[in-house]
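Here are my notes on the model, as numbered points. Have the coordinates open while you read.

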Amino acid sequence: MNNTPAITVQHLTVLYGATPVLDDISVAIPGGVICAIIGPNGAGKSTFMNALVGLVKPLSGVITIGGLPAPQGRSQVAYVPQRSSVDWHFPISVYDVVMMGRYPAHGFWGRVTKKDHRIVKEALQMVGMLPYAQALIGELSGGQQQRVFLARALAQERPILMLDEPYTGLDAVTESIYTTVLQALRTQGCTILLVHHDLAAVASYADWAILLRTKLIASGPCGQVTTEPHLIDAYGRPVLGARGMANV
Amino acid sequence: MNWLACELLLIAICTALVCVVPGVFLVLRGVSLMSDAMSHALLLGIVGMFLWVRSLHSPLLLVGAGIAGFAVVVLTEWSMARCKLPKDAAIGLFFPFFFSCAVMLITCYARDTHLDTDIVLLGDLVFAPFSRCVLGGIDYGPTALIVGLCMTLMTIVTFMLLRVRLITVLFDPVFASVTQARPAMVYYGMMLLTSMVAVSVFSLVGSVVVVALMIVPAASAWCTARSVDQMLVHAASYSIVAAVCGYACAAIGDYSIVGSIAIWTGILFLCVVIGAPRTGLIGKMWTHGHQWLAISSRYVKQHIRENSGICDAVTIRVTYGWSLWWTWCVLWYIHCKTK
Amino acid sequence: MCDYTLYAALIPALGILIIGLMAGFVGTFAFLKKQTMLGDTIAHAALPGICGAFLFTNNGSSMVLIFGGFIAGLCAVALVTILQHYTHIGSDAILGTILSVFFGLGLVLLTHIQKLPIAAQAVLNKFLFGSAATLLYEDLLLLTIVGCIVCVTLFCIWHPLVIVLFDQRYAHTIGMPVWVILTLFYILLVLVIVAGLYAVGVVLMSSLLVAPAVAARALTRSVQHMAFCAAAWGACAGMLGMLWSLSAAHLPTGPAIVIVATGGTLLVLAAGLARRSVA
């Protein structure tokens with residue numbers, strides 16, 4: 001874990017129409033951690049990430065990424081979107097999807113080089129999708145598609161990785177591949193931000209947590225955030241019982 | 001305004017009203033351009049029937065038209081389900097084929113008849129009052145008006161009968177199929193009704209303005225209504241206003257009535273999109289703007305409290321990442337509120 | 001005499017070839033963007049532009065009419081984009097609205113033209129069904145220039161466009177000028193459609209965008225192959241349709257081309273279905 005914050009957010013407010021989804025969020029995320037963004041439905045978790053990557057325009061907020069103001073700092077971010085934003089019947093192979101991650105490196109009108117091919121193959125190898133390189137994206141299962149998107153983000157070779165609900169609807173194999181890859185990236189010094197619903201598993205994969213419910217409830221190391229008072233503030237009732245299992 | 005003009009106006013209003021129920025259904029179902037597809041495809045049905053019965057006045061022509069219109073819907077749905085085509089490509093694949101076949105058949109086998117392809121696109125509203133419905137020696141009025149009134153009644157009755165199922169199917173087809181609301185039957189039933197309406201209307205206004213009469217008032221009503229019933233009422237109102245204003249302008253300026261009515265549906269649509277109280281652009285800017293200013297001023301007041309009552313516009317701008325313009329708007333808003 | 005007939009058939013044939021190629025390329029991208037009906041909307045919306053250009057300049061040359069149609073098409077696309085962005089109305093309803101209202105405006109302008117002592121019917125017929133068989137040398141020159149512009153621009157923005165069409169949100173996050181690319185694409189789409197109106201007319205132009213793309217999608221596995229396959233099929237269907245219409249007197253070219261294009265596409269789809277049910 002570095003001491004210099006990788007991402008700082010000050011006074012971030014996002015409204016959808018007239019409704020505040022995020023209200024005056026100020027938080028600093030250190031470098032080299034896996035940070036989970038947690039909270040109940042409608043808390044603004046995905047909106048928080050969308051604001052960081054520039055997909056929504058906030059009402060107010062100063063965001064710095066890697067020490068640079070947001071528009072320049074975003075060149076250090078690789079983003080893995082939620083599954084729903086893509087057309088699965090698009091005639092494109094797995095290899096070409098991952099190659100999209102290389103375009104920002106040499107400009108969109110530049111040529112693809114041997115280095116790009118090498119990096120794409122390495123990214124596919126890392127997520128275990130190299131045998132499927134020539135398969136069409138629509139021929140894959142949900143977990144395999146999600147792995148391809150992770151490979152695309154890995155191919156970008158950026159120091160900050162943001163994933164929007166990466167574990168939703170995944171099979172066990174893909175989940176374990178994801179966790180392995182993210183931990184390997186963390187060891188290399190990447191900062192990883194992810195939105196996740198599963199409160200019980202937070203401590204097992206994340207070091208840092210941000211608990212949101214439109215406002216910021218708590219942020220910091222996982223153990224300090226997932227305490228009962230904070231969780232009651234966020235969810236309205238105790239949600240983690242003894243031994244950290246979710247209260248059904 | 002003479003009697004002929006009155007009848008023409010009544011026919012125009014009636015034609016607009018017939019299209020309301022099918023239009024609302026198509027718009028809510030997300031297949032608005034099926035009206036365009038149907039109204040072009042039905043020429044093939046007319047030509048096919050004509051080549052069979054060899055008479056331009058047989059009612060079978062209209063039956064053929066209805067069948068062709070319905071057939072294009074069935075083929076489109078089939079290609080979406082079996083060939084996995086996207087909706088827009090499925091709609092755009094079949095109707096030009098039908099229309100081209102019709103034009104080819106006319107050119108090859110019906111060149112000397114009155115089947116004029118221009119009529120399909122332009123309509124023939126102006127001559128509608130001259131075709132009278134005479135039964136037993138009594139003139140009941142223009143055929144178009146009688147047919148229009150009957151069709152309007154039929155659409156209203158169909159809607160009343162299918163109302164609950166229709167709303168369930170439109171909102172959530174999966175839920176509908178699970179609860180046996182029979183979405184397929186409702187969908188194809190409504191498409192059959194739409195086809196019949198298209199057949200009865202296209203000879204008056206042409207294939208393209210059918211789309212205007214069906215879709216545009218329904219789209220306008222979507223912005224102002226809060227329920228399907230309200231949507232029908234609003235769509236009917238916009239249709240009537242468009243028909244009356246369109247007719248009036250066309251009569252004054254002496255140009256195409258049909259085109260004028262289409263333009264007026266568009267004008268009303270634009271007015272609704274911009275000016276509707278809750279959902280219009282101006283309304284949204286007003287409510288959203290108020291809320292944004294309120295929230296921003298809350299932050300500024302909190303900032304002033306934390307900074308011992310000092311209010312420095314530059315510091316506020318930097319702290320919250322606002323543009324100069326917005327900072328001044330917020331400060332002006334606070335100033336107005338505290339006066 | 002033989003040379004003259006050959007020459008008279010050659011110009012329309014080349015014109016249709018260019019239009020078929022352009023429609024195949026651009027139609028592929030419109031298909032992938034799921035906006036092929038936007039092509040139909042632009043085709044109908046071009047009518048007031050064409051009539052307006054005719055009335056304004058009293059000049060019926062193709063250059064003027066295409067320019068008028070181009071401006072009207074651009075306005076239509078701009079309005080569709082703005083309405084999609086700022087209202088919750090479904091995009092199909094927006095397309096239907098713009099299509100029919102613009103066409104209504106065109107009808108009104110047409111009645112103005114019909115009052116003037118000019119052969120207004122010719123304008124209308126040209127618009128409705130195209131005039132492929134009577135293309136002149138100047139028209140062919142114009143089509144060639146348009147075709148070159150479209151192809152060169154498309155090849156320049158090919159990769160960025162594929163990224164934008166596949167995943168627009170991701171394209172935003174990697175800093176791509178998404179709106180610039182989409183605007184360029186829409187301009188190309190309007191150009192192709194307005195130029196194609198000349199060959200096949202308004203009702204049938206959307207078919208030239210859709211049918212080759214659908215056939216190509218069923219036969220290929222990548223965007224490059226799909227685009228070239230669609231362009232080839234568009235050009236072939238154009239030539240075959242033209243040959244068919246020349247083979248007998250009075251056969252209209254536009255409908256012939258559409259029947260060939262759609263018929264071939266339906267055969268491809270049927271073959272695909274048969275193969276899937278056997279396998």
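1. Start with the contact between chains C and B: 46 residues of chain C and 48 residues of chain B take part, where a contact means that two C-beta atoms, placed from the backbone, lie within 7 Å. On the chain C side, the elements giving two or more residues are helix 2 (36-57), helix 3 (62-86), helix 4 (91-115), helix 10 (202-219) and helix 12 (253-278). Helix 4 of chain C supplies the largest share, 16 residues. By class, this side of chain C has 27 nonpolar, 16 polar and three charged residues. The classes here take Ala, Val, Leu, Ile, Met, Phe, Trp, Tyr, Cys and Pro as nonpolar, Asp, Glu, Lys and Arg as charged, and the others, Gly among them, as polar.

2. A word on conventions. This is a predicted model, with local features needing pLDDT of at least 70 and side-chain atom pairs counting only at pLDDT 80 or more, while totals for chains, interfaces and linings use all residues. Residues are numbered from 1 along each chain as its sequence is written, and chains are lettered from A and ligands numbered from 1 in the order in which they are written.

3. The contact between chains A and B involves 11 residues of chain A and 11 residues of chain B. Strand 1 (5-16), strand 2 (19-30) and strand 4 (60-65) of chain A each give two or more residues to the chain A side. That side of chain A holds five nonpolar, five polar and one charged residues.

4. Chain C is built from 12 helices and zero strands; helices here are DSSP runs of H or I with at least four residues, strands are runs of E with at least two, and both are numbered from the N terminus. Its radius of gyration is 19 Å, which agrees with the value near 19 Å for a compact globule of 279 residues; that radius is taken over C-alpha atoms, and the globule rule is 2.2 Å times the number of residues to the power 0.38. The C-alpha trace of chain C spans about 55 × 45 × 35 Å along its principal axes. Buried residues are 57% of its 279 residues, buried meaning 20 or more other C-beta atoms within 10 Å of the residue's own, exposed 12 or fewer, and partly exposed in between, with C-beta atoms placed from the backbone. Of the contacts in chain C with a separation of 6 or more, 75% join residues 24 or more positions apart.

5. Helix 12 of chain C deserves a look. Its 26 residues should span 38 Å at 1.5 Å a residue, and the end C-alpha atoms are 37 Å apart, which agrees; the expected span is 1.5 Å times one less than the number of residues. Its buried residues include Thr253(C), Ile257(C), Val260(C), Thr265(C) and Leu269(C). Leu266(C) also sits in this helix, but counts as partly exposed, with 19 C-beta neighbours inside 10 Å.

6. What about chain B? It has 15 helices and two strands. Its radius of gyration is 26 Å, well over the 20 Å that the globule rule gives for 339 residues, so chain B is more spread out than a compact globule. The C-alpha atoms of chain B fill a box of roughly 95 × 55 × 40 Å along the principal axes. Chain B is divided into domain 1 (11-209) and domain 2 (283-338), with bounds from an automatic or database domain assignment. The C-alpha centres of these two domains of chain B lie 56 Å apart.

7. Over at Asp312(B), we are in the loop between helix 13 (281-306) and helix 14 (313-320) of chain B. Asp312(B) is exposed, with 12 other C-beta atoms within 10 Å. Its C-alpha atom is separated by 56 Å from that of Leu26(B), 286 residues apart along the chain.

8. Finally, the cores. The largest nonpolar core has 297 residues, and those with the most contacts inside it are Cys35(A), Phe98(B), Val210(B) and Val26(C). Such a core is a set of buried Ala, Val, Leu, Ile, Met, Phe, Trp, Tyr and Cys residues joined through C-beta atoms within 7 Å. Apart from it lies another core, of six residues, including Tyr299(B) and Trp322(B).
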